[in-house]
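Morning, everyone. Please have a look at the model on the screen, and then I will walk you through it.

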Amino acid sequence: QGVTDVSNLYDELMAYSGGVPHAAIFGSGEILSPGVYDVTGAFSIAGTLTMDGGGDPNSVFIIRGTGAFSTEAGTTLVLIGNAKPENIFWVSNAAMSTGASTIMKGTMLGGGTAAGALALGANTELEGRLLTKLGAVSLGADVILTIPTGTSPLNLGALSTFAMWSSSGAVTDVLTATTTGNVGTALGALTMVGTHTGEEYPAGTTISPS
């Protein structure tokens, strides 16, 4: 079920029309309004990026890139104007990662058409989800990963309660990581040794749609 749901989510996000071209680097004091932003090639965040919902709690941000996604060490994502982490989606056709001490918001979805390993660097704080169609998912030292408390405007299916999911790859954390939300994989090892609040679904487990 997770394989189906992550594929459907990816297709839905890619089908959104009206994407506005954006430079490869976000941040450095930038204030982003709701909408769909498209980047050709690799894309990243540096410094501080503010997402302003304009007072609308249903405002949606979709950032899509054809290449790998990353953040520089110390990157900070700030939400204002009722912008919500459950309404933010970062979509990459490849791998995604954060630099050390990043404060990140939103769902990170990788592996669209190429290997899409997802990795959070040491001391990263992410309020969101890590989902990939193809690749491993891993957490570094002292990472804090928490699913959003609100309901996503997109249909996540069975993955609505998940913090980490891979359709084809290992899912792992480390002893000092803290994860809130379900975790699972359809193919690969599932190894959770840190502090985890939620269910664990190893490969071969059946998940009922929500």
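Two strands pair if DSSP finds at least two bridges between them. Strands themselves are DSSP runs of E, at least two residues, and helices are runs of H or I, at least four residues, both numbered from the N terminus. With that, take strand E5 (residues 43-46) and strand E8 (residues 69-71): they pair in the parallel sense over three bridges. Phe-43 stands opposite Phe-69 in E8.

Some ground rules. This is a predicted model, so local features need pLDDT of at least 70 and side-chain atom pairs count only at pLDDT 80 or more, while totals for chains, interfaces and linings use all residues. Residues are numbered from 1 along each chain as its sequence is written, and side-chain values use heavy atoms, with hydrogens and water left out.

Now the whole sheet. Eight strands form an open sheet, in the order E2-E5-E8-E11-E13-E15-E18-E21, with parallel pairing. Strand E2 (25-27) and strand E21 (190-191) stand at the edges with a single partner strand each, so one side of each has no neighbour in the sheet. Overall, the protein has one helix and 23 strands.

Next, aromatics. Rings of Phe, Tyr and Trp (its six-membered ring) pair if their centres lie within 6.5 Å; planes under 30 degrees apart count as stacked, over 60 as edge-to-face, and the rest as tilted. The count comes to five aromatic pairs. Why is the pair of Phe-43 and Phe-69 tilted? The ring centres of Phe-43 and Phe-69 are 5.0 Å apart and the planes sit at 50°, so the pair is tilted. This pair links distant parts of the chain, with Phe-43 in strand E5 and Phe-69 in strand E8, 26 residues apart. Both Phe-43 and Phe-69 are buried. Buried means under 20% relative accessible area, exposed over 50%, partly exposed in between (1.4 Å probe, protein chains only).

Phe-162 and Trp-165 make an edge-to-face pair, because their ring centres are 5.9 Å apart and their planes are at 85°. Phe-162 and Trp-165 are buried. One aromatic cluster is formed by Phe-26, Phe-43, Phe-69 and Trp-90.

On to the cores. A nonpolar core is a set of buried Ala, Val, Leu, Ile, Met, Phe, Trp, Tyr and Cys residues joined through side-chain atoms within 4.5 Å. The largest has 34 residues, and among those touching the most other members are Phe-26, Trp-90 and Leu-130. What does Phe-26 touch, not counting residues up to four places away in sequence? Its contacts (heavy atoms within 4.5 Å) include Leu-32, Tyr-37, Phe-43 and Ile-63. A second, separate core of 16 residues includes Leu-9, Leu-13, Val-36 and Tyr-201.

Buried or exposed? Ala-94 has 15% relative accessibility, so it counts as buried. Not counting residues up to four places away in sequence, Ala-94 touches residues including Gly-67, Ala-68, Gly-110 and Ala-114. The C-alpha atoms of Ala-94 and Gly-140 are separated by 19 Å, and the two residues are 46 apart along the chain.

Of the 210 residues, 50% count as buried. Residues 24 or more positions apart account for 47% of the contacts with a separation of 6 or more. The C-alpha trace spans about 40 × 35 × 30 Å along its principal axes.
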